[in-house]
Amino acid sequence: MVMMEISSVNNETLGQLLKENSSKCLLLDCRSFFAFNASHVVNSINVRFSTIVKRRAKGTMGLEHIVPNEESRNNLISGHYSSVVIFDEMTCEFDMLKKDSTVHLAVNTLCRESYGASITFLRGKQTEYLTFVAVMTLKQAHRCHF
């Protein structure tokens, strides 16, 4: 079993972290494919597994399943990221996650190896998250146009 030391942040703290140095932060969005495509934080990566894949995983997955983008995965392995923030849409606290949840499987995989990045869980509820996404998207769009 993998020992996990996971800190947690709220939306406001994550916003500050991204404002200070977004290039050093890897965002792993464990919501469904449909929810991710409807709205997501710029540069976040969608992590999703089918039920059958989760059952076969037996607690961990390969890193290529957690971070499918090769460039982002190589950046993680090389120690480029100082923080990995992982979240779903409805879980308030990490301890409330089911052991077979996508977030838990992803964290298990990330904790198997030491990549030099702290692993942080974004706590909150779906409505708070969607408000956060809307604000971050507006700020990003505003920044691109000026």
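This is a predicted model: local features need pLDDT of at least 70, side-chain atom pairs count only at pLDDT 80 or more; totals for chains, interfaces and linings use all residues.
How many of the 11 residues of α6 are buried? Residues are numbered from 1 along each chain as its sequence is written, and side-chain values use heavy atoms, with hydrogens and water left out.

**View A. Helix α6 within the structure.** Nine of the 11 residues of α6 are buried, so this helix is largely enclosed by the rest of the structure. Buried denotes under 20% relative accessible area (1.4 Å probe, protein chains only). Among the buried residues of α6 are T102, H104, N108 and L110. Helices (H or I, at least four residues) and strands (E, at least two) are DSSP runs, numbered from the N terminus.

**View B. The largest nonpolar core.** L28, I66 and L76 touch the most other members of this 25-residue core. Elements giving two or more residues to the core include β2 (25-29) and α6 (102-112); the largest share, five residues, comes from α6. Such a core is a set of buried Ala, Val, Leu, Ile, Met, Phe, Trp, Tyr and Cys residues joined through side-chain atoms within 4.5 Å.

**View C. Surroundings of L76.** Beyond its neighbours within four places in sequence, L76 is in contact (heavy atoms within 4.5 Å) with residues including L26, V67, L110 and Y115.

**View D. T120 in strand β5.** T120 lies in β5 and, at 5% relative accessibility, counts as buried. The side chains of T120 and S7 are joined by a polar contact of 3.2 Å; such a contact is a pair of N or O atoms within 3.5 Å, where within protein one must be able to donate a hydrogen and the other to accept it, and residues adjacent in sequence count only if both atoms are side-chain atoms.

Methods
Buried means under 20% relative accessible area, exposed over 50%, partly exposed in between (1.4 Å probe, protein chains only).
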